[in-house]
Amino acid sequence: MPGNLDAITAALRGFSDTPSLDARLHAQSGAPVSAEEFVRRRKAGEPVSKILGRRGFWKGDFIVTPDVLDPRPDSETLIESVLKCFPDKSRPYRILDIGTGSGCLLASLLGEYPNAAGVGVDISEKALAVARKNAHGLPAAFMRKDFAAPDFARGLGAFDIVVSNPPYIPTAEIAHLEPAVREYDPRAALDGGADGLEAYRHLARECPGLLNPDGVAFFEIGRGQGADVRAIFAACGLDFAGAENDLSGIERVLMFRRR
Ligand SMILES: C[S@@+](CC[C@H](N)C(=O)[O-])C[C@H]1O[C@@H](n2cnc3c(N)ncnc32)[C@H](O)[C@@H]1O
């Protein structure tokens, strides 16, 4: 197949919702993936980002592999929420990203706050290797940490800004997700336990010890989880400090402060 836009667009019609965008992303990527292979893998349902190994998020272009969640436009709501809450971009904030995955949240925030420094933690060493590459040249440290472990906070210190987009899909719902998510995003990035809220219970327990007195924690949540997540954090002594909707009008980010 000639590797031109029209041929790829035509071949993907009926298989992809965005055939011409897919073709353009392939053309612009410079990835060593032939037009034939690109079309074959797209037709099998693989996301463009996983085929090309890159995904745009906020103002950056990030490496993605099968070991990390594809950064989602919804998660940009987290970045917007932080920027609204901390408008002085010159301050030397300490930022913690829990479940950093590709590192897209931490790297994007460090791009906005030139004097800040950050720590990204994840249970997956393979994800951390991707995050380190994505944050190359930025003042970020990455370490393996399990937020469910009793010693999670040991050695981390306190932060002005804590962000997390934890796994929040109820286990039983994973089988019903679209194949592009179910088969190509890592299970550890999706599975939030029986009710989808398991990660928030751990994070709420850890949060008071991780925040500076004026610090704020920002959590992405799934559709309809707001009331339950508010209750979980209130029970751990955190004050609700606001919420932000995503572009579809769905409550997507909750903010908490120390009481
Ligand atoms: C939904 S993904 C978010 C990735 C990235 N922050 C983003 O927004 O695109 C959740 C991340 O949490 C990590 N994770 C899952 N369980 C964890 C645990 N117990 N401790 C630390 N990280 C965990 C996963 O490996 C995954 O990278």
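## Ligand shell

The ligand is surrounded by 22 residues, and the closest are Gly-99, Gly-101, Ile-123, Asn-165 and Ala-189; a residue is near a molecule if its C-beta atom, placed from the backbone, lies within 6 Å of it. Two or more residues of this shell come from each of α6 (104–112) and α9 (187–190). Helices (H or I, at least four residues) and strands (E, at least two) are DSSP runs numbered from the N terminus.

The model is predicted: local features need pLDDT of at least 70, side-chain atom pairs count only at pLDDT 80 or more, and totals for chains, interfaces and linings use all residues. Residues are numbered from 1 along each chain as its sequence is written.

## Domains

An automatic or database domain assignment supplies the bounds: domain 1 covers 5–52 and domain 2 covers 73–258. Their C-alpha centres lie 31 Å apart. Contact (C-beta atoms, placed from the backbone, within 7 Å) links 4 residues of domain 1 with 4 residues of domain 2.

## Strand pair

Strands β1 (residues 54–57) and β2 (residues 60–63) pair in the antiparallel sense over 4 bridges, where pairing requires at least two bridges found by DSSP. Arg-54 has Ile-63 in β2 as its bridge partner. The two strands form a hairpin with 2 residues between them, and Trp-58 in the turn has a positive phi of about 50°.

Terms used
Contact = placed C-beta atoms within 7 Å.
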